[in-house]
Amino acid sequence: ARYITKKVELAEEADKIDVFLNINRPRSANVDLYWRVVEGGSNVDIATVDWTLSPGTNSTSSPPSAPINDNPAVFEEIQYSIDPVGSFGTMQFKIVLRSTNSSTVPQVKDFRAIAST
């Protein structure tokens, strides 16, 4: 499954983004976070910008993986630190939920994205 957020236009330009996701990841599943940004004041349509896969900061793998947990009630927080080249005024995210078994799928809740300078 794929979830694409609406585009977020910032009141002031930012230089970096910290994203937090609470993930429940069964053994046969994984979650990927993609992002794209547009420079502030640009006339570029964000839909024409390519997605970039984000590595997480609290994981040794790239892309990061939440710890495997077959209990659907347990979620683990994963943090992503995104540092695009230059400043930006618009951002958008895509969460991709993958599984090799359709009866054990990953779950995500509490998506938070914080843009800062």
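Predicted model: local features only at pLDDT ≥ 70, side-chain atom pairs only at ≥ 80, totals over all residues.
Which residues does Thr-90 touch, not counting residues up to four places away in sequence? The list is Lys-7, Val-8, Glu-9, Arg-36, Val-37, Val-38 and Ile-46.

Thr-90 touches both Lys-7 and Glu-9. The side chains of Lys-7 and Glu-9 also meet each other, in a salt bridge with an N to O distance of 3.5 Å. The partners fall into separate accessibility classes. Glu-9 is exposed, at 57% relative accessible area. Lys-7 is partly exposed, at 44%.

How many salt bridges does the count come to? The count is three. The next one involves strand β7 again. Arg-98 forms a salt bridge with Asp-32, and the closest N and O atoms are 2.8 Å apart. This pair links distant parts of the chain: Arg-98 sits in strand β7 (residues 88-99), Asp-32 in strand β4, and 66 residues separate them. Is Asp-32 buried or exposed? Asp-32 counts as buried, because its relative accessibility is 7% and the limit is 20%. Arg-98 is partly exposed, at 40%.

The remaining bridge joins Arg-112 and Glu-77. Their closest N and O atoms are 2.4 Å apart. This pair, too, links distant parts of the chain. Arg-112 belongs to strand β8 (residues 107-116) and Glu-77 to strand β6 (residues 76-82), 35 residues apart. Both ends are partly exposed: Arg-112 at 29%, Glu-77 at 39%.

Most residues other than glycine have a negative phi. Asp-110 is partly exposed, with a relative accessible area of 42%.

Now turn to charge on the surface. Glu-13, Asp-15, Glu-39 and Asp-83 gather there in a patch of negative charge. Why does Glu-39 count as exposed? Its relative accessibility is 55%, and exposed means over 50%. Glu-39 lies in the loop between β4 (29-38) and β5.

Thr-52 lies in strand β5, which spans residues 52-53. Thr-52 is partly exposed, because its relative accessible area is 33% and that class runs between the 20% and 50% limits. Which residues is Thr-52 in contact with, leaving aside its neighbours within four places in sequence? They are Leu-33, Tyr-34 and Trp-35.

Conventions. Residues numbered from 1 in each chain as written. Heavy atoms only, no water. Helix = DSSP H or I, 4+ residues; strand = E, 2+ residues; numbered from the N terminus. Buried < 20%, exposed > 50% of the residue type's maximum accessible area, 1.4 Å probe, protein only. Contact = heavy atoms within 4.5 Å. Patch = residues over 30% accessible without salt bridge, like charges linked within 9 Å, V, L, I, M, F, W, Y side chains within 5 Å. Areas by Shrake-Rupley, 256 points an atom, 1.4 Å probe, with all protein chains shown as cover. Salt bridge = Lys/Arg side-chain N within 4 Å of Asp/Glu carboxyl O. Lys, Arg positive; Asp, Glu negative; His and termini not counted. Charge placed at Lys NZ, Arg CZ, Asp CG, Glu CD.
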